[in-house]
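Please keep the sequence and the model in view while reading.

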Amino acid sequence: MAERITQCETCAYYDYDEELECYVCSINLDEDEVSSYYSGNSRDCGYYRFSDDYKIVKKQN
């Protein structure tokens, strides 16, 4: 079964968890929200925020 590619990979809240050794969503989603999103009933995450690392670095310079 192919892994479903989601918008999570470009989200500002998608962070690497060193303890789990994988990427996880840092938003505290409830079980219904997660289930709805991954079952395909919901097309978009209401918490999604595009992460642009280049924009962040540009502000630091």
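Arg49 is found in the loop between α1 and α2. The model shown here is a predicted one, and every value below was computed from it. With a relative accessible area of 47%, Arg49 is partly exposed. When neighbours within four places in sequence are set aside, Arg49 is in contact with Thr10, Cys11, Ala12 and Tyr13.

A second residue of that loop is Cys45, which also lies between α1 (31-39) and α2. Cys45 is partly exposed, at a relative accessible area of 26%. Its C-alpha atom is separated by 8.7 Å from that of Cys8, a residue 37 places away along the chain. Apart from neighbours within four places in sequence, Cys45 is in contact with Gln7 and Tyr37.

**Overall arrangement**

The protein chain has two helices and two strands. Read from the N terminus, these elements follow the order β-β-α-α. Of the 61 residues in the chain, 7% are buried. The accessible surface comes to about 5,800 Å², and carbon and sulfur atoms account for 47% of that area. Among contacts between residues at least 6 apart in sequence, 50% join residues at least 24 apart.

The mean pLDDT of the chain is 77, and 70% of the residues reach 70 or more. Confidence is highest in β1, at 92, and lowest in helix α2 (residues 53-60), where the mean is 54.

How do strands β1 and β2 pair, and over how many bridges? Strand β1 (residues 14-17) and strand β2 (residues 22-25) run in the antiparallel sense and are joined over four bridges.

Glu21 is found in the loop that links β1 and β2. This residue has a positive phi of about 60°, although it is not a glycine. Glu21 is also exposed, because its relative accessible area of 61% is over the 50% cut-off.

**Aromatic rings**

The structure holds two aromatic pairs. In one of them, Tyr14 and Tyr23 are stacked, with 5.4 Å from centre to centre and 20° between the planes. In the other, the rings of Tyr16 and Tyr23 have centres 5.1 Å apart and planes at 70°, so the pair is edge-to-face. Tyr23 takes part in both pairs, and Tyr14, Tyr16 and Tyr23 form one aromatic cluster. Tyr14 counts as partly exposed, at 28% relative accessibility. Tyr16 is likewise partly exposed, at 44%.

**Cysteines**

A disulfide is a covalent bond between the sulfur atoms of two cysteines. How many disulfides does the count give? The count comes to zero disulfides. For Cys8, the closest cysteine sulfur is that of Cys25, at 6.3 Å; this is too far for a bond, because the two sulfur atoms would have to lie within 2.5 Å.

Is Cys8 buried or exposed? Cys8 is buried, because its relative accessibility of 17% is under the 20% cut-off. Cys22, by contrast, is partly exposed, with a relative accessible area of 31%.

**Accessibility of selected residues**

The table collects the relative accessible areas of several residues discussed above.

| Residue | Relative accessible area and class |
|---|---|
| Cys8 | 17%, buried |
| Tyr14 | 28%, partly exposed |
| Tyr16 | 44%, partly exposed |
| Glu21 | 61%, exposed |
| Cys22 | 31%, partly exposed |
| Cys45 | 26%, partly exposed |
| Arg49 | 47%, partly exposed |

Definitions and conventions:
Residues numbered from 1 in each chain as written. Predicted model: local features only at pLDDT ≥ 70, side-chain atom pairs only at ≥ 80, totals over all residues. Heavy atoms only, no water. Phe/Tyr/Trp six-rings, centres within 6.5 Å; stacked < 30°, edge-to-face > 60°. Buried < 20%, exposed > 50% of the residue type's maximum accessible area, 1.4 Å probe, protein only. Pairing = 2+ DSSP bridges. Contact = heavy atoms within 4.5 Å. Areas by Shrake-Rupley, 256 points an atom, 1.4 Å probe, with all protein chains shown as cover. pLDDT = per-residue confidence, 0-100.
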